[in-house]
Amino acid sequence: MTLPEAFIEDIKAYLPPSELVPFIQALTDSEPTTSLRYNRAKYAEQTGLPIGWNPADGVYVDERPNFTLDPLLHAGCYYVQEASSQFVTHVLRSLVKEPVTALDLCAAPGGKSTAMLSVLPEESQLVSNEIDRRRARILSENITKWGYPNVSVTCNAPADFRGLDHQFDLILADVPCSGEGMFRKDQGAVDDWSPQKVKSCVALQREILDTIWPTLKAGGIMVYSTCTFNVHEDEEMLAYICDELGAEALDIPTETAWHIHPQLVGHRPCYRFMPHFTKGEGLFMAAVRKTGDNYEPKTSRKTDSKRKGSGKAFGKGEKSRPMIDLKKLAPTLLSQLDCEASIELTSEGIVRAIPAAHKALHDSLTSQGLYLLQSGIEMGTIKGRDIIPAHALALSIVHKGNAFPTVEVNLDTALNYLRHEAITLDAAAPTGYLIVTYRGHALGFVKNLGNRSNNLYPQEWRIRFV
């Protein structure tokens, strides 16, 4: 790999001379690391070398297996996440001690959102947002597999949140960036880089921060991060947040053994993951506390009407009135969950259970007209006089284990199920809706008809290639 000369010239002005050659060699000649993060609400085992800043949940693995062929990945038992990105778990554990209302603004594909769900105090609420519709679907899939109930997935531009001023105690802004931290993993990131792209990213980052800042409460915390190395998107943007928006940068305790690189310019605390220094890919992260609330954004906060919705999943029209009495059915549905919740029916015929602790935020999102892909626990879809149970119900961590019969399958059958193929069940398996499990972990529903079974795994999630 050959790095762009303009990139080298820019970083040379800030990186100590003794580090420049090792830095370039690490980017061009060394191999990326592979790591994952376990979902402790589902999985207690651990294999691999613990990651220093996330030893309870995160591990390095020696080689990259074909994760797609591991049913435990699809069951939400772990998430394949780069080690540096897992530093967010340490930041949140250090700073957040009480339940919060949180926003992950640029959330796809879901690594940091699932990390937030795992480490935020109980009764916290999360809005996981992604502006791009295709990526938002991937985000929704990963959130569903993780199984936490206290989250809503939205597909909106930052400006669409402008009616939610002072709503959030915590915002994670993992902003679009020039991607220099991905150079070692992705030749496309190298080919796509240019000084002009850096300038464009700086402008976009400022616009995003200006727009979303009013939604953060006074005294609230913002975690700002990029996967790039240059100071213009990193330390200089941190200075912009503090000086122009009104914030103080927060110290995060770290250990020398983690080899986290200090700031390249300025005096504010921030945390750099650089491949010649740290076992991980490129990342910049800083946490700030909002010190005042007198800021008026310089950027016009216009709503992107194409992404503004009415609390509905996109791409679907109105359904006719259901043929079943949902009010009478609600107690049965709620008996399937191990949490207090209320039942709602969307215009698409989807039945949702909104946990009591998440209800106020859910109502704020719908009243604001945000595009809700999912919220709470999807229970099922009404079809005539039947409710087809939702995949999310099977994977939810608050789903009661005795609500549906289960059928354990071996690896080959599990993979056939995940390919959305027909599977053969044991003759002793009961008829009706069953949950398919692998090594005791739920993969999803089938409807067993006795002589055959209907595979209810979401077709759009099926394993296509092996």
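What radius of gyration would a compact globule of 466 residues have, and what does the chain have?

**Figure 1. Overall dimensions of the predicted chain.** A compact globule with 466 residues would have a radius of gyration near 23 Å, and the chain agrees, with 23 Å. This radius is taken over C-alpha atoms, and the globule rule is 2.2 Å times the number of residues to the power 0.38. The C-alpha trace spans about 70 × 50 × 35 Å along its principal axes. The model is predicted: local features need pLDDT of at least 70, side-chain atom pairs count only at pLDDT 80 or more, and totals for chains, interfaces and linings use all residues. Residues are numbered from 1 along each chain as its sequence is written, and side-chain values use heavy atoms, with hydrogens and water left out.

**Figure 2. Secondary structure and burial in the chain.** The chain holds 13 helices and 21 strands, which are DSSP runs (helices H or I, at least four residues; strands E, at least two) numbered from the N terminus. Of the 466 residues, 55% are buried (under 20% relative accessible area, 1.4 Å probe, protein chains only).

**Figure 3. Packing of helices α8 and α9.** Helix α8 (residues 195-212) packs against helix α9 (residues 235-246) at an angle of about 35 degrees, and their axes lie 11 Å apart. Axes are lines fitted to C-alpha atoms over the stretch in contact, and angles run from 0 to 180 degrees between N-to-C directions. In the contact (heavy atoms within 4.5 Å), α8 contributes V202, Q205, R206, L209 and D210, while α9 contributes M237, Y240, I241 and L245.

Key. Buried < 20%, exposed > 50% of the residue type's maximum accessible area, 1.4 Å probe, protein only.
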